[in-house]
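Look through the model below. The walk starts at one residue and widens from there.

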Amino acid sequence: MSFQSINPATGQLLKEFPLQSDAEVFSALEKADRLYRENWRFRPVAERIAVIARAAKILREKRDEYVTYPTLEMGKVTRFGYMEIDLVADILDYYAANGERLLAAQALPGEPGAVLLSEPIGVILAIEPWNFPYYQLVRVAAPQLIAGNVVLMKHAENVPQCALAFARLFEEAGAPQGAYTNLFCSIEQIGKLIDDFRVRGVALTGSERAGTSVGERAGRNLKKVILELGGSDPAIVMPGAPLDHAAEQIVMGRTFNSGQGCVNIKRVIVIGRERGEQMLTALRERFAAIKVGDPTDEDTLLGPLVSERALNGLLKQIDDAEAAGGRIVFGGKRVARPGFYLEPTIITDIDANNPLYTQEAFGPVLSFYVVDTEEEAIRLANATPYGLGGYVFDADVDNARRIASHIDSGMVYINSCFADSPGLPFGGVKNSGFGRELSEIGMGEFLNRKLIRVADVG
């Protein structure tokens with residue numbers, strides 16, 4: 001096993017990186033733990049903030065270099081790659097600007113002499129996926145480095161150049177060795193790291209299967225764990241929603257990043273039969289206009305899937321859905337060109353016995369439903385083991401908020417498919433995992449909220 005760069009647009013193997021030995025992996029852990037115990041946690045917050053602020057500045061200066069790696073390794077459309085880099089720089093800047101405030105001691109109202117301190121806990125092990133190869137990393141790295149923790153990062157095996165580039169960012173920003181460490185290690189080695197007492201917290205973004213395994217192992221070792229897992233996010237189109245705006249947002253929300261996002265729109269639920277037909281027509285027309293092709297082309301909207309395995313998995317899901325009675329109204333086939341391309345696809349007539357009814361389709365495959373009432377829409381939106389994000393489209397924002405309150409998810413976005421921001425918490429419920437990243441909540445997940453109380457002896 002090795003870490004490999006394979007260009008999804010061509011299928012070409014670009015580079016290969018060997019796994020580290022056990023000795024190398026645990027030497028990295030020893031270095032990180034020593035830095036935490038003897039240095040990093042004791043540095044003034046302002047010094048840790050300065051490193052993160054410099055990292056943001058360097059990333060903005062080198063965005064043309066950094067954008068090349070995700071395009072080469074996971075097929076990200078370059079113009080969307082720039083969007084990811086800008087968001088990552090914004091996250092670094094957010095924590096640099098707000099770090100001291102977020103870590104400040106808090107008095108407890110009504111409890112004289114009591115204060116809560118925010119202290120780091122040690123080495124944080126992060127296991128992250130390929131689909132947003134910088135954004136996934138910064139959600140852990142930025143808050144935890146400022147908090148005084150240190151980070152061991154195991155990135156996905158197919159984006160090693162992205163992993164190395166992100167590690168260089170902190171090195172160039174002045175982070176000491178051991179503050180942020182990239183690992184090219186195996187699943188078996190990850191298990192051994194979780195077992196090691198020096199690792200005090202674990203963050204994973206990935207599949208349910210990976211979350212179950214990591215959560216179980218962390219639990220046996222009494223370690224805090226954050227799990228950001230899959231999603232099958234519904235978009236409810238209310239009777240009062242402007243259809244053109246909703247259709248535009250749904251197309252982008254389903255196809256952005258080639259549909260490979262846990263919080264992408266996966267299922268559309270339209271209330272009203274006539275409006276359902278209108279929406280289906282609008283979506284079909286927009287899907288037909290999507291340019292599929294070279295991710296470096298400025299006109300491309302839909303690039304390749306990350307791998308042939310991912311492509312074949314989606315083709316099987318489509319075939320299984322059709323065999324169970326689903327109707328493909330657009331797409332559904334592999335694109336006849338080199339690389340791992342799938343036509344943008346719309347499937348409807350999906351009943352509760354269809355496997356796609358509860359599955360997550362991790363690619364540009366949209367499930368389309370029409371119902372008669374908002375009660376049916378809410379019931380269908382919640383008829384999934386996942387609970388990451390949700391979307392509501394309605395001209396009446398107060399009514400949209402009411403509907404949002406009934407969706408079982410960690411996040412609901414109203415009238416937009418793009419709502420990520422450094423100050424907003426990210427995370428889900430049910431089989432989408434638990435814990436939050438970003439915002440004040442994300443920083444607090446791996447902090448010791450230490451109570452100090454002074455008794456009145458006067």
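Leaving aside neighbours within four places in sequence, which residues is Gln136 in contact with? Gln136 contacts Glu128, Pro129, Asn131 and Thr205, where contact means heavy atoms within 4.5 Å. This is a predicted model, in which local features need pLDDT of at least 70, side-chain atom pairs count only at pLDDT 80 or more, and totals for chains, interfaces and linings use all residues. Residues are numbered from 1 along each chain as its sequence is written, and side-chain values use heavy atoms, with hydrogens and water left out.

Gln136 sits in helix α6 (residues 135-147). Helices (H or I, at least four residues) and strands (E, at least two) are DSSP runs, numbered from the N terminus. Gln136 is buried, with a relative accessible area of 1%. Buried means under 20% relative accessible area, exposed over 50%, and partly exposed in between (1.4 Å probe, protein chains only). The Gln136 side chain also makes a polar contact with the side chain of Arg139, at 3.2 Å. A polar contact is a pair of N or O atoms within 3.5 Å; within protein, one must be able to donate a hydrogen and the other to accept it, and residues adjacent in sequence count only if both atoms are side-chain atoms.

Next, the nonpolar cores. Such a core is a set of buried Ala, Val, Leu, Ile, Met, Phe, Trp, Tyr and Cys residues joined through side-chain atoms within 4.5 Å. The largest has 118 residues, and Leu92, Phe166, Phe170, Tyr180, Val237 and Met279 touch the most other members. Helix α5 (residues 78-103) gives the most to this core: twelve residues. Not counting residues up to four places away in sequence, Tyr180 touches Leu137, Ala141, Leu145, Val151, Met153, Phe166, Ala167 and Phe170. A second, separate core has 29 residues, including Leu311, Ile318, Val365 and Val392.

Now the sheet. Six strands form an open sheet with mixed pairing, in the order β7-β6-β5-β8-β9-β19. β7 (180-183) and β19 (433-434) stand at the edges, each with a single partner strand, so one side of each lacks a neighbour in the sheet. Strands pair if DSSP finds at least two bridges between them. β5 (residues 123-127) and β6 (residues 150-154) run parallel, joined by five bridges. Ile127 stands opposite Lys154 in β6.

Last, helix α14 (residues 397-404). Its buried residues are Asn399, Ala400, Ile403 and Ala404. The face turned away from the buried side of α14 carries the exposed residues Asp398 and Arg401.
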